[in-house]
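Dear colleague,

I am handing over the structure we spoke about, and below it you will find what came out of the analysis. Please read the notes with the model open beside them.

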Amino acid sequence: MRAARLIKMVLLLQSRPAMTAAELARELEVSERTVTRDAQALSEAGVPVYAERGRAGGYRLIGGYRTRLTGLARGEAEALFLSGVPGALREMGLEDAASAARLKVSAALLPSLRDASRTAAQRFHLDAPNWFREPRTPESLPAVADAVWDDRRITARYRRGRDEVTRELEPYGLVLKAGVWYLCARATGATGTTKATGIADGGLEDPGSGSGSGASYRGYRVYRIDRFAAVAAGEERFARDDGFDLPAFWADRAEEFARSLLRSEVVVRLSARGLRALPHAVDAPAARAALEHAPAPDPDGWVTVTLPVESEEVAHGQLRGLGPEVEVLAPGALRERFARDARRLAELYGTP
């Protein structure tokens with residue numbers, strides 16, 4: 001523990017002209033007294049750490065000293081590529097590895113470039129969760145993340161409604177979507193009652209073989225990590241399929257999930273303004289499906305399309321946002337709901 005701290009202290013001093021004891025204590029998460037003792041230990045070991053007293057004083061390295069301890073460990077290198085998502089790193093338990101990697105890179109840079117991390121952080125910040133949602137880190141996420149990095153099989157108890165099923169999984173990758181963590185894995189064994197249901201309850205669990213590019217991902221499934229009741233990682237490693245493409249797999253399954261929700265259809269007439277607003281009012285796959293087959297406008301400039309929807313209830317909520325730019329033609333029950341809405345609006349806003 002102390003050896004790692006001493007190395008970090010040297011790297012900090014190498015990346016900056018000088019640092020006060022208070023600054024070092026804050027970076028190293030120790031007391032200023034410990035900083036003083038560590039500086040003395042480094043000096044005795046031959047590292048030229050010099051302490052200057054006074055208001056402008058602090059610690060510095062003498063004579064352009066450069067440590068050769070800047071080689072990145074594998075875990076640090078992997079964490080470095082995720083350093084743009086600090087919240088995700090913290091939740092996966094990789095914050096310390098990323099910090100060490102950034103220090104090593106900073107120490108290896110030319111002096112004129114050492115403020116690159118600070119200037120980048122001032123100009124870009126990723127806030128992944130949706131608005132009005134308190135993000136919660138699943139308790140099992142660090143254990144799952146460790147297994148993903150090490151290619152180790154896991155046994156997981158997964159909640160499906162009121163039941164639990166046990167899965168033996170080869171964890172391939174993690175996805176953070178709108179503040180929710182998902183595990184993309186290949187199932188090697190299962191116990192308990194289960195059913196292939198596509199992406200259920202927003203969980204993307206057991207989506208089956210899929211279609212299109214998903215056919216090449218047969219056996220791979222997606223699980224919401226906050227539904228793991230327990231996770232146990234074994235010592236056995238699995239042979240990763242080098243052909244597995246995590247972004248492509250996720251895009252395919254997410255598209256499949258979106259399509260699977262569109263189980264009903266409604267027929268609507270849209271004005272020119274309604275056509276332009278449709279992609280912002282309904283789900284993107286539904287809008288694309290409707291507009292791809294849209295006919296030419298009628299003499300009034302309106303276009304009649306068949307719109308895939310999740311349900312009449314959902315369609316009612318979505319299409320209300322288009323106001324007078326949409327007319328529902330079918331089904332009759334949905335048209336009558338809009339007729340009732342129109343009568344109520346007329347009563348509220350009509351001329352006495």
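**The largest nonpolar core**

The largest nonpolar core has 20 residues, and among these V266, V268, L270, L278, V282, L307 and L319 touch the most other members. At least two residues of this core are supplied by each of β8 (264-270), α11 (284-292), β9 (303-309), α12 (312-319), β10 (326-330) and α13 (332-349), while the largest share, 4 residues, comes from β9. Please keep in mind throughout that this is a predicted model.

For V266, once neighbours within four places in sequence are left aside, the contacts are V305, T306, L307, V309, A315, L319, A330, P331 and L334.

**Two further residues**

P285 lies in helix α11, and it counts as buried because its relative accessibility is 15%, which is below the 20% cut-off. Apart from neighbours within four places in sequence, P285 is in contact with E255, A258 and L262. The C-alpha atoms of P285 and P308 are separated by 8.5 Å, with the two residues standing 23 residues apart along the chain.

S140, for its part, is found in the loop between α7 (116-123) and α8 (141-150). Is S140 buried or exposed? With a relative accessibility of 11%, S140 counts as buried, and, not counting residues up to four places away in sequence, S140 touches I225, F228 and V231.

With best regards

Note on methods:
Residues numbered from 1 in each chain as written. Predicted model: local features only at pLDDT ≥ 70, side-chain atom pairs only at ≥ 80, totals over all residues. Heavy atoms only, no water. Core = buried A, V, L, I, M, F, W, Y, C linked by side-chain atoms within 4.5 Å. Buried < 20%, exposed > 50% of the residue type's maximum accessible area, 1.4 Å probe, protein only. Contact = heavy atoms within 4.5 Å.
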